[in-house]
Amino acid sequence: MPLTLHRFRRLFVCCLVLALLTAGDGWSADKLTGIVLVKDSLAVPNQPAVIEAELLGKGLLTNSKLGGEPLELLVDGDVAATAMTGGDGRAVLSYVPKRQGVIPVTVRVGNSPRVGPAEGQAHVAVWERRTPIIAVELSALVEATSIQPPLPGIGLQPAAPKPQQNAAEELGKLTQFYYRVMYVASTRTGGDPFETSEDTRAWLKAHHFPDGYVLTLRTGEEVGAKLDELHAAGWKSVKTGVGRTKNFAEAFLSRRLDAVMVPEPKKGDAPRRAKVAKDWRDVRKKL
């Protein structure tokens with residue numbers, strides 16, 4: 001059958017429609033790959049818990065911050081809050097926890113035409129303000145010989161360090177019936193506190209440390225200022241710090257709080273009123 005002009009036009013239109021449909025499927029599939037990072041939150045039962053999240057678009061060299069995107073907070077599998085990311089890629093979500101404990105939460109990308117499915121996890125530590133909280137400097141949990149210099153606040157390098165012997169077991173005993181644990185981690189120079197929070201939780205989980213609240217300090221931010229902020233917010237039960245560095249111990253001692261240094265530092269490196277533990281089995285004897 002000869003290809004008439006009419007048949008040619010019909011064939012052309014059919015091909016064009018098919019091409020558009022196929023392209024449409026491709027466009028919907030070519031969404032950005034998102035990365036959701038979430039920081040831990042500290043809260044009181046029956047009062048709003050504030051959860052901070054960050055949405056990044058995965059790139060070859062750097063990740064871009066994605067604004068104007070919907071995020072959903074999931075608690076026990078149910079959507080508890082929603083929010084939109086700002087120009088800095090960050091969003092604040094809030095819900096009211098009813099029970100105590102370290103509650104796992106998930107933040108995921110909502111119905112977005114631009115970003116594909118992605119989610120991140122974190123903890124909401126829901127404690128009564130009178131509950132004793134022990135603050136632990138993350139570098140006090142790692143084996144010194146496994147840290148690549150210079151010594152970072154959290155000791156997380158491309159090759160993650162090994163934990164100190166018995167650290168997870170002894171900290172587990174401390175938190176089983178009495179203390180709640182707040183892990184204090186510092187970002188590397190130029191680091192993202194959201195990424196530091198994510199890396200810290202992963203390292204703690206991999207080495208079977210008890211669940212707790214990860215407090216992330218920005219580069220140059222002093223733990224003493226954070227202690228003052230926590231006490232002003234009513235968290236006066238943060239009375240004891242277990243750390244590796246002199247600055248960490250002094251932040252507690254200068255506020256008439258207790259400080260334990262582990263492992264035992266070199267002579268002259270410990271502040272005068274600091275208690276010194278040879279190893280983590282010795283820490284409990286000092287508290």
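Let's start with Tyr179, which is buried because its relative accessible area is 12%; buried means under 20% relative accessible area, exposed means over 50%, and partly exposed is in between, using a 1.4 Å probe and protein chains only. Before going on, note that this is a predicted model, where local features need pLDDT of at least 70, side-chain atom pairs count only at pLDDT 80 or more, and totals for chains, interfaces and linings use all residues. Residues are numbered from 1 along each chain as its sequence is written, and side-chain values use heavy atoms, with hydrogens and water left out.

Rings of Phe, Tyr and Trp (for Trp, the six-membered ring) pair if their centres lie within 6.5 Å; planes under 30 degrees apart count as stacked, over 60 as edge-to-face, and the rest as tilted. For Tyr178 and Tyr179 the ring centres are 4.8 Å apart and the planes sit at 80°, so this pair is edge-to-face. Phe248 and Phe252 make a tilted pair, with 5.2 Å from centre to centre and 45° between the planes. These two Phe residues are 4 residues apart in helix α5, so about one helical turn separates them. Phe248 is buried at 4% relative accessibility, and Phe252 is buried at 0%.

A quick word on the labels: helices (H or I, at least four residues) and strands (E, at least two) are DSSP runs, numbered from the N terminus. Rings can also have a charge over them, which here means that NZ of Lys or CZ of Arg is within 6 Å of the ring centre and within 35 degrees of the ring normal. Lys39 lies over the face of Phe194, at 5.0 Å from the ring centre. Arg129 does likewise over Trp235, at 5.4 Å from the ring centre.

Now for the sheets. Two strands pair if DSSP finds at least two bridges between them. Ile134, for instance, has Thr240 in β13 as its bridge partner.

The neighbour β11 (residues 180–186) runs parallel to β12, and 5 bridges join them. To get from β11 to β12 the chain passes through helix α3 (residues 193–206), and this β-α-β crossover is right-handed (with the strands pointing away from the viewer, the path from the first strand over the helix to the second runs clockwise).

Ala167, Ala168, Glu170, Leu171, Leu174 and Thr175 are buried. Seen down the axis of α2, these residues fall within an arc of 170°, so they line one face of the helix; the arc is that of the directions from the helix axis to the C-beta atoms. The face turned away from that buried side carries the exposed residues Gln176 and Phe177.

Another open sheet has 5 strands in the order β2-β9-β8-β5-β6, with mixed pairing. β2 (41–43) and β6 stand at the edges with a single partner strand each, so one side of each has no neighbour in the sheet. β5 and β6 run antiparallel, joined by 6 bridges, and Val75 has Asp78 in β6 as its bridge partner.

What sits in the loop between β5 (70–75) and β6 (78–84)? Asp76 is found there, and its phi is near 55°, a positive value in a residue other than glycine. Asp76 counts as exposed because its relative accessibility is 55%. Arg256, in the loop between α5 (246–253) and β14, also has a positive phi, near 60°, and is exposed at 81%. Finally, Pro263 lies in the loop between β14 (258–261) and β15 (275–276), and the peptide bond from Val262 to Pro263 is cis, with omega near -5°.
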